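Hi,

Here is the structure I promised to pass on.

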Amino acid sequence: MRSFTIVIFQDQTEPDVWYGAVPAVRGVHSNGTTRDQALQMTTLALEGTLELFFELGLVIPPDLTNLEPALAQIRDDFGLSDANFEMVQVDLSAVVRALSVFESEVSSFATASS
């Protein structure tokens with residue numbers, strides 16, 4: 001299983017704004033008007049980022065095992081003083097597997113064409 005932790009939290013000043021961030025891939029985050037929408041949008045942002053990593057030939061990073069430094073960074077990035085974080089594991093095995101299958105299909109096509 002290839003999973004990533006998404007940190008979900010509510011805006012401290014606007015109760016109708018929720019955020020999601022992926023500590024393992026800094027800069028991948030999104031928001032929504034509900035917790036579920038923020039989770040869904042952040043998952044989509046992560047899927048898109050993994051596809052971009054694949055296209056650029058970059059290694060997909062592993063999920064973090066020690067979240068404390070990442071949570072401190074999220075607090076700094078979002079200007080939070082005392083947010084309650086919820087950690088959600090999302091399974092992206094299907095996305096990673098699809099990228100791997102696509103890569104092998106492209107390789108076999110290139111070999112057959114030459």
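Below is what I found in it, starting with the overall layout and then going through single spots.

Before anything else: this is a predicted model, so local features need pLDDT of at least 70 and side-chain atom pairs count only at pLDDT 80 or more, while totals for chains, interfaces and linings use all residues. Residues are numbered from 1 along each chain as its sequence is written, and side-chain values use heavy atoms, with hydrogens and water left out.

**The layout**

The chain has three helices and four strands; these are DSSP runs numbered from the N terminus, with helices being H or I of at least four residues and strands E of at least two. Read from the N terminus, the order is β-β-β-α-α-β-α. Of the 114 residues, 39% are buried. By "buried" I mean under 20% relative accessible area, by "exposed" over 50%, and by "partly exposed" anything in between (1.4 Å probe, protein chains only).

A word on contacts, which here means heavy atoms within 4.5 Å. Taking those between residues at least 6 apart in sequence, 58% join residues at least 24 apart.

**The inside**

In soluble globular proteins, nonpolar side chains tend to be buried together. I looked for nonpolar cores, meaning sets of buried Ala, Val, Leu, Ile, Met, Phe, Trp, Tyr and Cys residues joined through side-chain atoms within 4.5 Å. The largest core has 18 residues, and F4, V25, L46, V90 and L92 touch the most other members. The elements that give it two or more residues are β1 (3-10), α1 and β4 (86-91), with α1 giving the most, at five residues. There is also a second, separate core of 11 residues, F9, V17, Y19 and I74 among them.

Leaving out neighbours within four places in sequence, V90 is in contact with R2, S3, F4, I6, L39, T43 and L46.

T43 from that list sits in helix α1 and is buried, since its relative accessible area is 14%. Apart from residues up to four places away, T43 touches I6, V90 and L92. A polar atom of the T43 side chain also lies 2.8 Å from the backbone oxygen of L39.

Next, T5 in strand β1, which counts as buried because its relative accessibility is 3%. The T5 side chain makes polar contacts with the side chains of D63, at 2.8 Å, and Q89, at 2.4 Å. (A polar contact is a pair of N or O atoms within 3.5 Å; within protein, one must be able to donate a hydrogen and the other to accept it, and residues adjacent in sequence count only if both atoms are side-chain atoms.) Beyond residues up to four places away in sequence, T5 touches A21, V22, P23, D63, L67, M87, V88 and Q89.

**The charged pairs**

Side chains of opposite charge can pair when their charged atoms come close. The structure holds three salt bridges, each a side-chain nitrogen of Lys or Arg within 4 Å of a carboxyl oxygen of Asp or Glu.

- R26 and D77 meet at 2.8 Å, N to O. R26 is in the loop between β2 (18-21) and β3 (29-32) and D77 is in helix α2 (residues 68-78), so this pair ties together parts that are 51 residues apart in sequence. R26 counts as exposed, at 58% relative accessibility, and D77 as partly exposed, at 42%.
- R35 and E86 meet at 2.8 Å, N to O. This pair links R35 in helix α1 with E86 in strand β4, 51 residues apart. E86 is partly exposed, with a relative accessible area of 31%.
- D36 and R35 meet at 2.6 Å, N to O. D36 is exposed at 53% relative accessibility, whereas R35 is partly exposed at 24%.

Through shared partners, R35, D36 and E86 form one network of salt bridges.

**The surface**

Last one: L52, L56 and L58 make a nonpolar surface patch of about 290 Å². Patches are made of residues with over 30% relative accessible area and no salt bridge, where like charges are joined within 9 Å and nonpolar side chains (Val, Leu, Ile, Met, Phe, Trp, Tyr) within 5 Å. L56 lies in helix α1 (residues 35-56) and counts as exposed, at 57% relative accessibility.

Cheers

Notes. Areas by Shrake-Rupley, 256 points an atom, 1.4 Å probe, with all protein chains shown as cover.
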